[in-house]
Amino acid sequence: MFVCSRHFHSGKPAYEFQESDTDWVPSLHLGHTQFKVTTPEAAGVDSISAAIILKDHDYCRSPSDGERSLDCQSPDFVPSEFVYTKENEGPEEKMKRVDQPFLLKRGSEDDQDSLLPQKKQRSLAKKLSDKERDKTRISIGPAFPRWRELREQKQLQFDWQLAFFFLDRYQWERRRENWVSKPLFQPSHDPPEQLLKCSVEHCPGTSRAKENIPVPQKENDEPHQNHRQLQAEHGYLRQELDALQAENQMLKEELEKSKFSYATVKCNARQLLFFTGLTSVIFHWLLTKINDSVERISQKLGQEDHLLVVLMKLRLGLSNIDLAYRFEESTPTISNICRSWIPTMAIILRPLIKWPSREAIRRNMPDIFDPNFTKCRCIMDFAEISIARPSNLIARAQTWSTYKHNNTIKYLIAFTPAGAISFLSPGWGGQVSDRQITYESGFLGRLEPRDQVIAERGFQIRSELAAQGATFRIPQFTRRKKQLSAYELETSRQLSRVRIHVERVLGRWKDFKILQSVIPLSQVDMLDDVVVLCSALTNLCKSVVPKSKQ
């Protein structure tokens, strides 16, 4: 079989060490008549003899032109072990040529030793060896640690083995790119088009190139081995990908669980009760009630999360910055949610604060109020909520409370005997008296004749209630008295037993921590809506006053 050296099967000649390659077989126009000097070791001689020959180079000069002929047919051609030729030479001839003694040595060994001293011979041989080594030396710079690490991973002993690994990998990638770029109808083993156009005079063996070329066993097994390696690598990568995807999904689920939202709270009833003060049933009822009237401020948070923000603001008294960190939102967004939702919810839930009729109160009268307080219509009290100190002197004076020793907003609140909040006045400055709030809030207009109103001692509104025909029941004073009478003592004890339950209702109302905190001046305008909303939510909870005696 002959292969044209101007075309080849792969488009280029094979490497010198790839003797089993199709493009390596000696044939026409391979240029092997030229001298190709290799290293002395590859030629089978030692470095000292090579140095002697290279120094004493007049052996190759001819008497005619003084130059050594490059044509192997010329009489001036001198064979040398440094001439690597493969023309008309098989493996056996090549082995014989390597084993035969060096042909160009001239004179005896003593003469050669006399020509060059031993140190000079070693120095010259070392220079030649370094020169030949520099021709094949490549500096990879900072890539050397990775080179060494990869060589250890591949369990290769020499650097040239790793270089062959990269070259083979590169050639394989190039071949695969050529296979992909070729049309589907073109066989991959067809010779190049220009090789088919070669004339008989130029390439006598062209006709044979069309025949089936036998492929060596090594080249036939190499693609299969690469295919098995790629399959194993693909399986390993697929397993690694599946493991990473599973880990990614698990981390996403953990991230969703770690992110504070209604989805992480609704599964735990105790957590939901702690953060909102409501059960899940009441929470969903409330969301359904207000869902059509409120606006969604943040696209990242759902409607449930908006309601959770408002309820946590009321229940726990958290600041906007705290809520922003919990829900991973900005502080202005939390502020907009509260300012948009709280007034709307207060308007929707205000009907829950209802003044009941006398018959409704008597039907739901607890046993603790019988038989002494069957005509009780409500239990009244005043609640003061602290605010930040105003900068305006007039506002500071109007909100100052001598009872709390702080700037406050005062509210009149009334409870039914069953424990529900039935009346809530607008907010007044802490300097306003209880009598003025009672008179101007409209509380007196709701009373009927023969109603009883229970309150703590210190309320000076007996005359105002008497004008409406109502009775005012407060504990007896011990001022200017050494001892209470038996009747006064028994009456005071009965009132105390009744008021203890009212204090429990008032304590549940104050469980909304925002009512116990200091309200910033920027939120004082929403305080009335906050108080209304807290009162309505308190009425949604179960009553703390028992229906029967315990």
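Arg358, Arg377, Glu448 and Asp451 are joined up in a network of salt bridges. Keep in mind that this is a predicted model. Why might such side chains get together? Side chains of opposite charge can pair when their charged atoms come close.

Let's start with Glu448 and Arg358, whose side chains meet in a salt bridge. Glu448 sits in the loop between α19 (434–440) and β6 (452–454) and Arg358 in helix α17, so this pair ties together parts that are 90 residues apart in sequence. Glu448 is partly exposed, at 32% relative accessible area, while Arg358 counts as buried at 17%.

Next up are Arg377 and Asp451, another salt bridge. This pair also links distant parts of the chain, with Arg377 in strand β1 and Asp451 in the loop between α19 and β6, 74 residues apart. Arg377 is buried at 4% relative accessibility, and Asp451 is buried at 1%.

The count of salt bridges comes to ten. Here are some of them:

| Pair | N to O distance |
|---|---|
| Lys126 and Asp130 | 3.0 Å |
| Glu448 and Arg358 | 3.1 Å |
| Arg377 and Asp451 | 2.7 Å |

Lys126 and Asp130 are four residues apart in helix α5, which puts about one helical turn between them. Lys126 is exposed, at 53% relative accessibility, and Asp130 is partly exposed, at 27%.

Now for helix α14. How many of its 14 residues are buried? Twelve are, so the helix is mostly covered. Among the elements covering those buried residues are α13 (280–290) and α16 (331–349). After α14 comes Gly317, with a positive phi near 65°.

Definitions and conventions: Residues numbered from 1 in each chain as written. Predicted model: local features only at pLDDT ≥ 70, side-chain atom pairs only at ≥ 80, totals over all residues. Heavy atoms only, no water. Buried < 20%, exposed > 50% of the residue type's maximum accessible area, 1.4 Å probe, protein only. Helix = DSSP H or I, 4+ residues; strand = E, 2+ residues; numbered from the N terminus. Contact = heavy atoms within 4.5 Å. Salt bridge = Lys/Arg side-chain N within 4 Å of Asp/Glu carboxyl O.
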